[in-house]
Amino acid sequence: MNIRKIVVGQLGVNCYIISDDSSSQALIIDPGDEPEKIIEFIDAFGLQPKYILFTHAHYDHVCAAKELHDQYNAVIVMHEQEKITYRATAKRCISWGYDPEDFPEPERLVKDNDTISMGAISFKVIHTPGHTQGSICILVENTLFSGDTLFKGSVGRTDLPGGDFGLLSQSLKKLTLLLPQTRVLCGHDGETSIAKEMRDNPFLKTMRIE
């Protein structure tokens, strides 16, 4: 498995491209902006994306989806409870000058514990509401793609529509049950691990882990 990161957009979203060593298939996580940059990056490695996955549907994580979908005919995936956030994002972005067709309908809706298969790789969906109602993390082997649920030293904000700190706390407890050595690749900024966050992250340090 190969994991490549490209930082896009004004908010510096980490867009991840995961590919299978045995084929050219790839999965794209959070294509937030700059589609031409992402396409050039993918084509440089000769990859063929099979899926486009949103950890959540805030605008900074989804706005390059249409161009990538059109270019590669990749299936758009998000959690079944994230449709409300996605529609709100589309409405907001249309007011900024985007076209309605810039937000294609998701073609696969997932739920907690679903798996997405790509070649020899299996991605596990972990529903982690709190930042948004349908936020998810993706676990593959010993790596967690945490979106905006968990950051290095922090967690996702809950003061936007659909945010809920109580739900986020429950989601974080779920993540602490992962192996301590689990690598965490976040939606913004640098990577970390479950062990480091349980030791250093103030939101996890003060949490009662049952």
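Tyr-86 is buried (under 20% relative accessible area, with exposed over 50% and partly exposed in between, using a 1.4 Å probe and protein chains only), at 4% relative accessibility. This is a predicted model, where local features need pLDDT of at least 70 and side-chain atom pairs pLDDT 80 or more, while totals for chains, interfaces and linings use all residues. Residues are numbered from 1 along each chain as its sequence is written, and side-chain values use heavy atoms, with hydrogens and water left out.

**Rings**

- Tyr-86 and Phe-103 make an edge-to-face aromatic pair, 6.2 Å centre to centre with 70° between the planes; rings of Phe, Tyr and Trp (its six-membered ring) pair if their centres lie within 6.5 Å, and planes under 30 degrees apart count as stacked, over 60 as edge-to-face and the rest as tilted.
- Tyr-86 sits in helix H4 and Phe-103 in the loop between H4 and S6, so this pair ties together parts 17 residues apart in sequence.
- Phe-103 is buried too, at 7% relative accessible area.
- Phe-54, Tyr-86, Tyr-98 and Phe-103 are linked into a cluster by ring pairs.

**Sheet**

- In an open sheet with mixed pairing, 6 strands run in the order S1-S2-S3-S4-S5-S6; two strands pair if DSSP finds at least two bridges between them, and strands (E, at least two residues) and helices (H or I, at least four) are DSSP runs numbered from the N terminus.
- S1 (2-8) and S6 (108-110) are the edge strands, each with a single partner, so one side of each has no neighbour in the sheet.
- S4 (residues 48-53) and S5 (residues 75-79) pair in the parallel sense over 3 bridges.
- Leu-53 has Val-77 in S5 as its bridge partner.
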